[in-house]
Amino acid sequence: MAQFKVDLTDERLWCGDQPVQISSKAFQLLRLFICNPNRLLTKGQILKAVWDDVFVSEGLVKEYVHDLRQALGDDAKHPRFIETVRGRGYRFLGGIGHVERSSTGDARGALSTHALSLAILPFANLSDDPSQEYFADGISEDISIGLSKNPHLSVISRNSSFALKGKSMPAREIGKVLGVQFVLEGTVRKTGAHHLRVTAKLVDTVSERHLWAEAYDRKIDDLFAVQGEVVSAIIHALGATDGAIERSARQLVARMSNTDPTAYDCYLQAQGHFYRHGDSGYDEAEALYEAAIELDPSFARAYSGLAMLYFLRFKKYLTLRFESMEPKAHELAIRAERLDPDDYLAHWVLALLYSYLAKHSQGFAEFERALRINPNDANLLADFAEYLVYCGRADEALGHCQRAIRLNPNCPDFYWWNLGFTYFHLGRYGEALQSLDRMTSPDQARRLLAATYAQLGRIDEARSEADEFMNANPRFSIREWARTEPYIDPNELQRYVSGLRTAGLPE
């Protein structure tokens, strides 16, 4: 039987003489259990102790308990360590020893042996012009993308870190809110048309000690070199030893240094409009992506950004038909991939398009390429989970959905939709409803809600959701919708179709 010990000082779990990788939040939960042996802890008590005054749902406790059980090889039905007290909470049964000090190595050595968690806070705009906010946001996002390519780092998603924008909080509190060990914060000041100053500092959220800090004064043409330097310096500061990451950062600088700065400025503005709630900013984003392409026809990311915009207008907002969207998006994504084979967004868009074209082997290969380039993009993981459901692999999809939500706890609605979609195809309709209930805007969920209520036999509620959906989408037909759905197994499509018919949606 495995012998587990926990080091409460260095926050590490050991199995024998081998470290066990668990997230920072999972460790805090384990610490709480160990300090309260054989005592019932309600979900409310756990939320208050681990998440303090941050509002999160009780469902998050269940997910982290699941993570701990997996790390410990525990079984919920026959527990050795963590017992579920149905409807109330959990009880720690003991069986894990603890030590006061790490058994091997110093702190820096320990950092290089297991995954690290990091949040890139939105860089503060210190420019005289408040409208330059998008510029600072774009730099923060690019650094985050560069760092997320390091397999030794778990980088919290943009949505979660940007939720703290404009809030003044101590590093320790940020660490608790986001469940991370380190935060990177900084400032950007654009002066006139030619000068740029970027400052950045890396902070340990436990000790609040500054591990690394740097300031860069550059001409605006050197923006891309500055970003590459910041990425490389942080990787060194965190103790990573994979030289391939540093090479990747240098290659990024080499690729981007030829990009027209004006085109890049248009691209950053497009990204700002793209991330607005809903599709209200898509018209402006489309025009700015096109302007970036016109200014610099070799700028890969402008092509892939525009390709994703087209796809989401079809998939999420139903404002484009697949037949009219697909040729344009496909051409843009192929162009981006040829210009930059490491543009993971290009591979991501191609994966989505191939799935709807029933070219599933190609779709899976493109998802794999995108994930190899950027394994910690929570949005990508959530989309991959949906794709796995279409492939009849809902069991696998569930794990990817849950990991995406852990990486991005302040996630957008489509994560909860994907989780509900996964539970629907696992036949776990009650849990599907719970997931869809987490969405801030129910309008995007009404079709799936109608089918889910129908499968549960709750016909009145199913028809109410169907009526609301048809009010917003009066030209919807089951036959037209089903024709483009990329299911491999027709029985899984039929599960959805039968629910929609029962709910009263038109053929």
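Axes here are lines fitted to C-alpha atoms, for helices over the stretch in contact, and angles between them run from 0 to 180 degrees between N-to-C directions. With that in hand, helix H17 (residues 394–407) and helix H18 (residues 413–425) can be described: their axes come within 9 Å and cross at roughly 155°. This is a predicted model. The protein has 507 residues, and 53% of them count as buried. Its secondary structure comes to 23 helices and 13 strands. Among contacts between residues at least 6 apart in sequence, 59% join residues at least 24 apart.

**Helix H17 against helix H18**

- Two packed helices are described by the angle between their axes and the distance between the axes.
- Angles over 145 degrees count as roughly antiparallel, and the axes of H17 and H18 cross at roughly 155°. The two helices are therefore roughly antiparallel to each other.
- H17 passes H18 in a left-handed crossing.
- On the H17 side, the contact is made by Ala394, Ala397, Leu398, Cys401, Gln402, Ala404 and Ile405. H18 contributes Tyr415, Trp416, Asn418, Leu419, Thr422 and Tyr423.
- The residues of this H17–H18 contact divide into 10 nonpolar, three polar and no charged.

**Helix H18 against helix H20**

- H18 also meets helix H20 (residues 446–455), where the axes come within 11 Å and cross at roughly 30°.
- Angles under 35 degrees count as roughly parallel. H18 and H20 are therefore roughly parallel to each other.
- The crossing of H18 past H20 is left-handed.
- Trp417, Gly420, Phe421 and Phe424 of H18 make the contact with Leu448, Ala451, Thr452 and Gln455 of H20.
- Here the residues divide into five nonpolar, three polar and no charged.

**His425 in helix H18**

- His425 has its place in helix H18.
- At 6% relative accessibility, His425 counts as buried, because buried means under 20% relative accessible area.
- Leaving aside residues up to four places away in sequence, His425 touches Val389, Tyr487, Glu492, Arg495 and Tyr496.

**Cysteines**

- A disulfide is a covalent bond between the sulfur atoms of two cysteines.
- The count of disulfides comes to zero, with the rule asking for a pair of cysteine sulfur atoms within 2.5 Å.
- Cys401 is in no disulfide. The nearest cysteine sulfur to Cys401 belongs to Cys411 and is 9.8 Å away.
- Cys401 is buried, with a relative accessible area of 2%. Cys401 is also one of the H17 residues in the contact with H18.
- Cys391 counts as buried too, at 15% relative accessibility.

**Two further residues**

- Thr262 is found in helix H10 (residues 261–274). Thr262 is partly exposed, with a relative accessible area of 45%.
- Thr262 and Asp296 are 34 residues apart along the chain, and their C-alpha atoms are separated by 8.6 Å.
- Ala358 lies in the loop between helix H14 (344–356) and helix H15 (360–373).
- Although Ala358 is not a glycine, it has a positive phi of about 60°.
- With a relative accessible area of 57%, Ala358 is exposed.

Key
Residues numbered from 1 in each chain as written. Predicted model: local features only at pLDDT ≥ 70, side-chain atom pairs only at ≥ 80, totals over all residues. Heavy atoms only, no water. Helix = DSSP H or I, 4+ residues; strand = E, 2+ residues; numbered from the N terminus. Parallel < 35°, antiparallel > 145°, perpendicular 65-115°, else oblique. Left-handed = near helix turned anticlockwise from the far one by under 90°. Contact = heavy atoms within 4.5 Å. Nonpolar A, V, L, I, M, F, W, Y, C, P; charged D, E, K, R; others polar. Buried < 20%, exposed > 50% of the residue type's maximum accessible area, 1.4 Å probe, protein only.
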